[in-house]
Amino acid sequence: MREIEQRGLYYEEFEPDTRYLHRPGRTVTEADNVLFTTLTMNTQALHLDAAWSARQPFGERLVNSMFTLATIVGASVTQLTQGTIVANLGFSEVAFPHPLHHGDTLYSETVVLGKRLSASRPGQGIVTLEHTGRNQDGVVVATATRQVMVWCRDAHAVPDDPGADGDALDPGADAPDGIL
């Protein structure tokens, strides 16, 4: 039987001026916003206090912009970097030109801006990506340029899949008494 494992792209597979549309979109709820905001210890009333936010220019709470950034990058992982990334090197030119509201659906896309082989790490390359998040109306709510280090295909030694059949251990074999 043929097997296909979901993975990101190796350095050689990234093509500049290619746009990847990451689907499905993600409808953002009030719970998402409050949970993310409190988990990250962000006490900004604009994300947590409905009464205070109602008196501010947007008239309501806004989705935490760090949630928006994390979501547009996260949406790209399965298509671009799953299992092929070495490291996230950094972000530049991050912007939030329009707020994201509770109930909006966030759609993400990524354009490959460029790539180069690493001068100091043989078998690895640096790819520059431009991430864009749009709401359900196509309005841009976030943009960010990101550099990632990824493996070149021939240099990446992929370990055996611990969940694959074949080398799986019998759950009772060689187990200490009373432990399965």
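Analyst: On a 1 Å grid over the protein atoms alone, a pocket is an open set of points with protein on both sides within 12 Å along at least five of seven lines, and its lining residues have an atom within 4 Å of a point. A volume is the space filled by probe spheres set on the points, which are joined across faces, edges and corners. This is a predicted model, in which local features need pLDDT of at least 70 and side-chain atom pairs count only at pLDDT 80 or more, while totals for chains, interfaces and linings use all residues. Residues are numbered from 1 along each chain as its sequence is written, and side-chain values use heavy atoms, with hydrogens and water left out.

User: Thanks! What is the volume of the largest pocket?

Analyst: Ten residues line the largest pocket, and E5, R7, Q82, G83 and V158 are the closest to its centre. The volume comes to about 170 Å³.

User: How many residues of each class are in that lining?

Analyst: Ala, Val, Leu, Ile, Met, Phe, Trp, Tyr, Cys and Pro count as nonpolar, Asp, Glu, Lys and Arg as charged, and the others, Gly among them, as polar. Sorted this way, the lining has three nonpolar, five polar and two charged residues.

User: In what order do the elements of the chain run?

Analyst: Helices (H or I, at least four residues) and strands (E, at least two) are DSSP runs numbered from the N terminus. There are five helices and five strands in the chain. Read from the N terminus, they run β-α-α-α-α-α-β-β-β-β.

User: Which strands stand at the edges of the sheet?

Analyst: Two strands pair if DSSP finds at least two bridges between them. The five strands form an open antiparallel sheet in the order 1-3-4-5-2. An edge strand has a single partner, so one side of it is left without a neighbour in the sheet, and this applies to strand 1 (19-27) and strand 2 (85-95).

User: How many bridges join strand 4 to strand 5?

Analyst: Strand 4 (residues 124-134) pairs with strand 3 (residues 105-117) over ten bridges, with K115 facing V127. Strand 5 (residues 140-151) is joined to strand 2 by seven bridges. Strand 4 and strand 5 also form a hairpin with five residues between them, including G138 in the turn, whose phi is positive at about 85 degrees. The two run antiparallel, and the number of bridges joining them is eleven.

User: Is R61 buried or exposed?

Analyst: R61 sits in the loop between helix 3 (50-54) and helix 4 (65-74). By relative accessible area (1.4 Å probe, protein chains only), under 20% is buried, over 50% exposed and in between partly exposed. R61 has 13%, so R61 is buried.

User: What is the relative accessible area of E93?

Analyst: E93 belongs to strand 2, and its phi near 50 degrees is a positive value in a residue other than glycine. D17, in the segment before strand 1, likewise has a positive phi, near 65 degrees, and is exposed at 72%. E93 is exposed, with a relative accessible area of 64%.

User: Which peptide bond is cis?

Analyst: Look at P24, which is found in strand 1. With omega near 10 degrees, the cis bond is the one from R23 to P24.

How values were computed: 1 Å grid on protein atoms, 1.4 Å probe; cavity = no way out; pocket = protein on both sides within 12 Å on 5 of 7 lines; lining within 4 Å.
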